[in-house]
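User: I would like to learn how to read a protein structure feature by feature. Could you take me through one, giving the general idea before the particular case?

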Amino acid sequence: MGELLPAAVRVAERPDDDPTAVPLAEEAEAVARAGAGRRGEFLTGRACARRALARFGVPPVAIPRGADRAPRWPAGFVGSITHCRGYRGAAVARRADLLAVGVDAEPHRPLPPRVAERVLLPAERRWLRGQPPGAALDTVLFSAKESVYKVWHPVTGRWLGFRDALVRLDPAGTFTVELLVPAPDCLRGITGRFRIGDGLVLTAAAVPA
């Protein structure tokens with residue numbers, strides 16, 4: 001994931017759950033009634049986030065879940081956590097360097113047709129029809145929208161629907177975003193990067209401070 005993000009970002013990742021990960025006090029409530037799978041994802045994501053923060057010299061600190069279910073980062077930092085089958089990871093940066101960072105991981109397989117219909121814009125579906133078979137670029141579009149939401153929400157505090165952002169992919173591994181709803185200037189012209197490999201789609205976006 002690190003190669004998809006600016007040098008100011010620190011990343012920690014692993015392919016599966018960390019059996020040694022335990023919740024800190026402020027995190028315990030979020031997984032008190034969770035099943036084993038959800039608990040493992042949550043705790044491993046937080047463990048990755050603490051490892052990334054440690055690379056800035058930050059001692060172990062709780063990363064509780066806010067009322068909006070997003071991670072609450074320690075003062076002076078921004079970040080993003082993602083998990084899917086075969087991947088858990090976190091990316092963290094100093095707020096002085098980046099206003100927001102968003103990362104997402106998805107299994108590399110086509111979207112179910114009903115999901116594609118719900119999350120992709122007509123222009124995106126037309127573009128997909130013109131692409132050669134092989135890579136699940138519909139999933140790349142979906143993942144990019146997830147990463148975009150993760151930089152949008154911390155800045156605006158508002159919901160951003162899948163159809164509120166038009167994503168254009170460059171097969172070389174980058175994407176650009178056209179927001180279709182009113183947005184602050186700092187979020188206009190969001191760009192990101194993606195990678196397909198090892199059975200995964202990874203996407204990332206960052207907004208400069």
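User: In what order do the elements of the protein chain run from the N terminus on?

Analyst: Helices (H or I, at least four residues) and strands (E, at least two) are DSSP runs, numbered from the N terminus. Here the order is β-α-β-β-β-α-α-α-β-β-β-β, which gives the protein chain four helices and eight strands. Please keep in mind that this is a predicted model, in which local features need pLDDT of at least 70 and side-chain atom pairs count only at pLDDT 80 or more, while totals for chains, interfaces and linings use all residues. Residues are numbered from 1 along each chain as its sequence is written, and side-chain values use heavy atoms, with hydrogens and water left out.

User: What does the radius of gyration of the protein chain agree with?

Analyst: The radius is taken over C-alpha atoms, and the globule rule is 2.2 Å times the number of residues to the power 0.38. For 209 residues the rule expects a compact globule to have a value near 17 Å, and the protein chain, at 17 Å, agrees with this. Along the principal axes, its C-alpha atoms fill a box of roughly 50 × 35 × 30 Å.

User: How many of the residues count as buried?

Analyst: A residue is buried under 20% relative accessible area, exposed over 50% and partly exposed in between, using a 1.4 Å probe and protein chains only. By that reading, 47% of the 209 residues of the protein chain are buried.

User: How many aromatic pairs does the count come to?

Analyst: Rings of Phe, Tyr and Trp (its six-membered ring) pair if their centres lie within 6.5 Å; planes under 30 degrees apart count as stacked, over 60 as edge-to-face and the rest as tilted. The count comes to three aromatic pairs. One of them joins Phe142 and Phe162, whose ring centres are 5.3 Å apart with planes at 25°, so this pair is stacked. Phe142 lies in helix H4 (residues 137–156), whereas Phe162 sits 20 residues away in the loop between H4 and strand E5 (165–170), so that the pair links distant parts of the chain. Phe142 is buried at 12% relative accessible area, while Phe162, at 22%, is partly exposed.

User: Why is the pair of Tyr149 and Trp159 classed as tilted?

Analyst: Their ring centres are 5.2 Å apart and their planes stand at 55°, so the pair is tilted. Tyr149 belongs to helix H4 and Trp159 to the loop between H4 and E5, ten residues apart. Tyr149 is partly exposed, with a relative accessible area of 22%, whereas Trp159 is exposed, with 63%.
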